[in-house]
Amino acid sequence: FGWTRENNERPDCKPDVHGMRSVLRYVKTSCRQHSARSQLAWTGWPLQSWRSAVTASSRQQPQQSLRRSAFDLPVEQKEQTEPKYKLPEIANPDEPSQETFRLDEVSATEIGDLWPPRDLVAEPPPVEEVRRPHLWLTDTTSVGVEDVGRFIKFERDELIELLPEGPCGELARDLTLVPSSTRPVGLMLRKLTVELIGQLSACQRETDGAGQPRIRKAGFLLDGHKGTGKSQVLNTIAMWARQNGWLVVLEPNPSRYAKQVADIKRSNNGVYIQNEFAQQFLEATSLANRQMLEDLPVDFSIYGTRAIDGESVKATNRLYEPLIDITVDRELANDPPSDSSHGEERLQRIAAYRNKIRVPSMTHQLPRPVNVWEILEFGLANESFATQAVSELFLQLQRQTMHPVLVVVDEWNQCFPVSDYVSIRYDNTRFGGKIPAYHLTMPRVFHNWDGKLYRRGLKIYATSWMLQNRRDYRPDLLGVKESEIRTVRSFSQHEFASYVMYLRLMKVLHNFPRSDLEYYYMLTQGNGYQARKLLSTLY
């Protein structure tokens with residue numbers, strides 16, 4: 001059949017009028033929506049070709065979403081865009097290839113032109129290295145906030161002289177990463193280090209109302225997560241203090257007193273004497289402080305007030321009072337007084353027995369030491385009195401005002417858990433048959449927060465979470481005020497870049513790209529421990 005838009009005449013044939021009207025209605029709607037308003041003529045097409053043309057046109061044009069009712073909102077049609085990636089067209093495998101070749105006709109030159117690819121054997125682009133100007137701090141006499149992130153250079157021999165007791169934390173492991181055994185190393189100047197240096201400089205010049213040197217601060221407790229750099233802050237502070245006239249008592253590893261097993265003896269006060277460890281501590285303290293200890297006179301008002309277990313002599317004598325009372329009561333029962341009252345006689349005999357008590361003490365062999373160094377030297381020569389010599393040393397440091405005293409202790413939280421020593425006295429207790437660390441004489445020396453007892457001195461302690469989890473840590477229960485706590489944060493981006501630059505200069509890192517700096521900072525979150533482990537492993 002045939003039909004034109006200009007001539008609305010029907011031919012002699014009789015087509016399916018109803019079906020044709022439906023198709024024409026759809027075609028008119030599609031043309032109106034997609035700007036196909038031109039005059040179209042459909043003449044002489046068979047019905048099958050008509051339907052094929054309409055089907056192809058519907059595939060090319062996006063279909064309009066029809067609303068089911070008047071209350072439905074129209075759905076926006078997304079524009080069809082070309083795909084971002086196109087797969088290559090695969091030729092028909094049934095058709096023969098136009099290019100044919102023989103394997104025996106391929107020459108070595110042709111193979112060399114194709115393999116290996118040029119991109120594979122080409123030289124890699126040059127790596128942009130991390131560069132930090134003014135990395136080294138040359139003038140250490142005065143430091144400020146602008147020096148944060150810079151490194152203080154130390155010779156290897158200088159480290160041994162300033163830290164003869166051993167470094168805090170994992171400084172020894174950092175030194176093993178450096179290939180050269182003679183090259184100077186550096187310690188980063190952190191923001192908290194600058195703050196503490198300013199505090200100590202002010203405390204060193206403090207005086208009381210009478211004009212006598214006096215430090216009114218008890219100390220500072222450094223806290224923070226694992227690997228943030230608390231121990232490195234202690235190392236820097238200890239070396240700075242010794243270079244500026246402080247008498248520094250450093251204990252880098254108090255956890256060894258509870259973890260390493262040695263000979264112990266239980267005293268009447270219930271504490272366990274560690275004379276072997278006490279001698280080691282006295283020897284380490286004497287290496288850097290002998291000259292200052294020789295200048296300190298002995299305060300005889302407190303000399304001899306400690307027993308061989310480091311506890312007070314009064315507390316030790318008090319243990320004998322029940323025995324004295326029983327002895328006096330038995331004597332009075334067998335031989336009652338004749339001319340005096342019973343109460344007066346009893347008190348006189350108790351006083352006489354108390355005067356006869358002789359507690360072993362180093363004062364019997366060293367009654368009048370000239371200076372504090374003689375007390376320390378006596379403890380080194382006599383192992384039985386080494387624990388008492390440690391206690392007497394700290395008492396003398398609390399009373400003196402000649403030199404500013406700084407007591408630096410790392411791993412302070414390790415002075416409180418149970419130790420590896422086993423005792424039957426602690427069976428069926430919360431300690432599980434093990435001796436608590438604060439019942440051992442050496443951890444007992446450091447476990448008190450008593451910096452306020454030093455007339456011209458203070459304490460700087462730090463926690464360590466390498467051996468145990470943080471859990472519920474409450475330093476306020478130990479007497480530490482909130483104003484005395486300092487938190488060590490992770491590296492800032494500036495400090496992290498300086499740390500990477502330092503490792504590159506020390507030949508620990510090789511070909512570390514500048515573009516990866518932000519990525520590894522995000523990966524380690526600025527944690528120094530994680531950064532050292534990750535960077536030294538990958539680069």
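Mentor: Start with strand S8 (residues 405–409) and strand S11 (residues 457–462), which pair in the parallel sense over 5 bridges. Strands are DSSP runs of E of at least two residues, helices are runs of H or I of at least four, and both are numbered from the N terminus. Two strands pair if DSSP finds at least two bridges between them. This is a predicted model, where local features need pLDDT of at least 70, side-chain atom pairs count only at pLDDT 80 or more, and totals for chains, interfaces and linings use all residues. Residues are numbered from 1 along each chain as its sequence is written, and side-chain values use heavy atoms, leaving out hydrogens and water.

Trainee: Which residue in S11 stands opposite Val 408?

Mentor: Ile 460 does. In general, strands of a sheet pair through backbone hydrogen bonds, either parallel or antiparallel. Here, an open sheet of 5 strands runs in the order S5-S8-S11-S4-S12, with parallel pairing. Strands S5 (247–251) and S12 (485–487) each have a single partner strand, so one side of each lacks a neighbour in the sheet.

Trainee: Is Gln 279 buried or exposed?

Mentor: Buried means under 20% relative accessible area, exposed over 50%, and partly exposed in between (1.4 Å probe, protein chains only). Gln 279, in helix H10, is buried because its relative accessible area is 19%.

Trainee: What is Gln 279 in contact with, beyond its neighbours within four places in sequence?

Mentor: Contact means heavy atoms within 4.5 Å. The partners of Gln 279 are Gly 379, Leu 380, Asn 382, Glu 383 and Ala 386.
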